[in-house]
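Here is a short report on one protein model. Please look over the sequence and the structure first.

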Amino acid sequence: MKKDEPPLKFPQTLDEFEYAFNEKGQLRHIKTGEPYVFNYHEDLHRWNQKRYEALGEIITHFVYELLEKECHLKKVHLPVDATEDEPKSFIFMSEDAITNPSKLMVLIHGSGVVRVGQWARRLIINEDLDSGTQIPFIKRAMNEGYGVIVLNTNENYVEVEKSKKEMQPPASDTDEPAEKKEKKDDSQKETIKRRDFYEKYRNPQKEKETKHVPIRVSIWYFSVMVNCWSNLIVFTSY
């Protein structure tokens, strides 16, 4: 028999998760000293996955803090000419990234859920910060006189909740007889009702329906690369 799924409400900080990074950069439980345990609830893979994703989001912001505090990089919002209400992304760069007369290193992460400063979330959680983040590369490059730009190529849109109007089925524009149209509408309503019933049974904590709003491409990226191309080193993961 399938267990009832607990609420999809998770801690908002590492302290609330009762995890912390030790002096070796390894994620360990504060009380037991054990590595992260994925199967917190047996036979509830979906809940465990959501918990893992929630922890991953916290770690993403933790890495942002490290890029600023340990690597002394500055956050630059893009597009640089974005309006106040326009969707934005950001990158991190050293103070001399644009003005360095000799050397520039650009770091590009792989595809998926990883964000700026990360190679792999899985490595951060299961191994350590040096394995899963770009921080060792950044520190060495800066020590050797490189300007540094850390790109954020997976953050290309913002996710917003759909309005009730957007979730409604499109209206029919056909010139059908009123009686036929009414039956068709009743049939659609019944189909939606059945679908919602089975979805609630299958997924009692159905998440909100969302849509993706794209972030405008900034040519600033490319102008920087062109100006520094002759002395550019790129590190990326696949």
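## Basis

This is a predicted model: local features need pLDDT of at least 70, side-chain atom pairs count only at pLDDT 80 or more, and totals for chains, interfaces and linings use all residues. Residues are numbered from 1 along each chain as its sequence is written, and side-chain values use heavy atoms, with hydrogens and water left out.

## Overall make-up

The protein has eight helices and nine strands. Helices (H or I, at least four residues) and strands (E, at least two) are DSSP runs, numbered from the N terminus. Of its 238 residues, 34% count as buried. Buried means under 20% relative accessible area, exposed over 50%, and partly exposed in between (1.4 Å probe, protein chains only).

Contact means heavy atoms within 4.5 Å. Among contacts with a separation of 6 or more, 70% link residues 24 or more positions apart.

## The largest pocket

The largest pocket holds about 630 Å³ of space. It has 20 lining residues, and E57, R115, R121, Y157 and E159 are the closest to its centre. Two elements give two or more residues each to the lining: α2 (45-69) and β7 (157-161). The largest share, seven residues, comes from α2. By class, the lining has eight charged, six polar and six nonpolar residues. Here Asp, Glu, Lys and Arg count as charged, Ala, Val, Leu, Ile, Met, Phe, Trp, Tyr, Cys and Pro as nonpolar, and the others, Gly among them, as polar.

On a 1 Å grid over the protein atoms alone, a pocket is an open set of points where a 1.4 Å probe fits, with protein on both sides within 12 Å along at least five of seven lines; lining residues have an atom within 4 Å of a point. Grid points are joined across faces, edges and corners, and a volume is the space filled by probe spheres set on the points.

## N154

N154 sits in the loop between β6 (147-150) and β7. N154 is buried, at 15% relative accessible area. Its side chain makes a polar contact of 3.4 Å with that of H109. Such a contact is a pair of N or O atoms within 3.5 Å; within protein, one must be able to donate a hydrogen and the other to accept it, and residues adjacent in sequence count only if both atoms are side-chain atoms. Beyond four places in sequence, N154 touches H109, G110, S111, G112, V114 and R115.

## Helix α5

In α5 (residues 135-143), I135, I138 and A141 are buried. Down the axis, the buried residues fall within an arc of 130 degrees, so they line one face. The arc is that of the directions from the helix axis to the C-beta atoms. The buried residues pack against α2, β5 (104-108) and β6. The face turned away carries the exposed R140 and N143. Just after α5, G145 takes a positive phi of about 90 degrees.
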